[in-house]
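Work through the exercises below with the model open. Each task is followed by its solution in steps.

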Amino acid sequence: MSAQKTRISSKTTNAYVTPPHVLAAGSTQTNVVGKKRHVDDDSDSLSMPNNISPKIFPSVPVSVSENKVKKGFFYNVLKPLKDYGITFHALLIDNFVSNVVGGVKPGTRLQNALGVIETQINLEKLVGWKGAQINFGEDIFFLRNNNKHWSQQVGDNIIGYQPPHLFRGNYLSQLTLDQKLMNDKLEIEAGRANISRYFLVPNCNQILTCFKDIWSQDAGISTFVYATWSGHVVYHITPSWYVQAAATEVNSKTFFTNGWQWDAQNASGAAGVGEVAYRRGFDQTAYPSMYEFLGYYNSSTVNDPIKTVAGTSKLYDRHSAVQTHTGLSGIFFSGQQYVWRKDHGATKDPHGMALAVYGGAGTDFQSYAPIEAEAYLGAFIQAPFKSRPLDSYGIQFHWSKLGPREQQFLGQANKLSGGDGREPGADHLVADIHAHTFLFSNVALEPSLQYVINPNTYYAPMTAKHPHDALEVGATLFVYLDKMADFP
């Protein structure tokens, strides 16, 4: 899981922002590839936490709760509301990362916690409005340590981007009206939201390193925490094939507010996205798959990373105005495919031992884009131990390439700061191993270990240092509060 943050430099008129996306929140089917079970609303067994995850964290591990007669304070209070179509969900996420070796300032760390609270109001049950639903989300941030300085202390555009940087104590993450039509084939949603909920569904088996630089830095799409004015439409051509499109306000100032300021006066532009996608889950096949291909256009006007209107360097020519450009555009492809099962496909058991591969690649078409291209490739094995059917272990390689003008800027910034002026290598690679495992019922942990080869100073350009290869340790804790409290 990634988050929005500001470049600590004078590189753009609007700060580049960051990151999860297809099922409607509140759906009774938790159609999560590799992590799903077709269950009804009243089942607790091996299900996602009351459907909070399908649009937000599709790749988080499923929650475990014993089948039992539900009773208790929260159940008794919330069950009458659910009968009228009002459901509540709660999830706690705690993040920790540390660059134990390498980076601009080795040995730094970040820790924060995020409480996700969401409500779905089924208007068909409540007032008879067929196919309509209101989605509401409020996120609460606490236990924050070093949120504002981590990116600069690490520097690198990949590991400096994770995990979420939470600047305020709370934020409105969603307030939308969702309308389904044509026997649910067509769905239209509009309001305050983030289109990261709909596109590039995480195809990894963990959250921390599962993100796309181009999506955040070039397309300008932040993580789901930060909502702006958005509209989204999806049409299901077949049970597996669908097309979708969305438009959203691009506003780098939103993460300094609480989300309830709805004017668009600070917007730098708008982003439009179109996508064709394919998805089959364990309810359809023993070897699930999902693939997405999208194109985006961000209409924001941005400063050139290095040039002035006179063609000189903006770091040395203080008299000429910085050259500006309008628009960033590109494409991205991502996918996941189960390729092996211990039972050789005899069953569709989503919790049997299996191997899946995943990856993605994309590029931006403009030379002034901060990230020119990226690609990632990974694999995970799920349920390798029979006694722990919900655990998985994986490996991933994430490559990214800086834009040519971004390289020039970082080299000149290094020289101006007292360094040798050597430009960083355009290419760099992050290799990581990770896992997600349940500590006990409704509490999961995702540890990770990342090694960065040829890191850059993207988030700390004004430094004389050339960072050494970095080693980062991380851990993300998930507590399914709604399951623990027996939310209906």
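**Exercise 1: Salt bridges**

The side chains of R388 and D391 meet in a salt bridge, with 2.3 Å from N to O. The model is predicted: local features need pLDDT of at least 70, side-chain atom pairs count only at pLDDT 80 or more, and totals for chains, interfaces and linings use all residues. Residues are numbered from 1 along each chain as its sequence is written, and side-chain values use heavy atoms, with hydrogens and water left out.

Solution. 
1. A salt bridge is a side-chain nitrogen of Lys or Arg within 4 Å of a carboxyl oxygen of Asp or Glu. Side chains of opposite charge can pair when their charged atoms come close.
2. Buried means under 20% relative accessible area, exposed over 50%, and partly exposed in between (1.4 Å probe, protein chains only).

**Exercise 2: A pair within a helix**

Task: state how K79 and D83 are placed along helix α1, and find the N to O distance of their salt bridge.

Solution. 
1. Helices are DSSP runs of H or I with at least four residues, and strands are runs of E with at least two, numbered from the N terminus.
2. K79 and D83 are separated by about one helical turn because they lie 4 residues apart in α1 (residues 73-83).
3. The closest N and O atoms of K79 and D83 are 2.7 Å apart.
4. K79 is partly exposed at 23%, and D83 is partly exposed at 48%.

**Exercise 3: A pair in a pocket lining**

Task: locate R341 and D343 relative to the second largest pocket, and describe their contact.

Solution. 
1. On a 1 Å grid over the protein atoms alone, a pocket is an open set of points where a 1.4 Å probe fits, with protein on both sides within 12 Å along at least five of seven lines; lining residues have an atom within 4 Å of a point.
2. The lining of the second largest pocket includes R341, D343, H351 and F385.
3. R341 and D343 form a salt bridge, with the closest N and O atoms 2.9 Å apart.
4. R341 is buried at 1% relative accessibility, whereas D343 is partly exposed at 25%.

**Exercise 4: The whole chain**

Task: give the helix and strand counts and the buried share of the residues.

Solution. 
1. The protein has 6 helices and 16 strands.
2. Of its 488 residues, 59% are buried.
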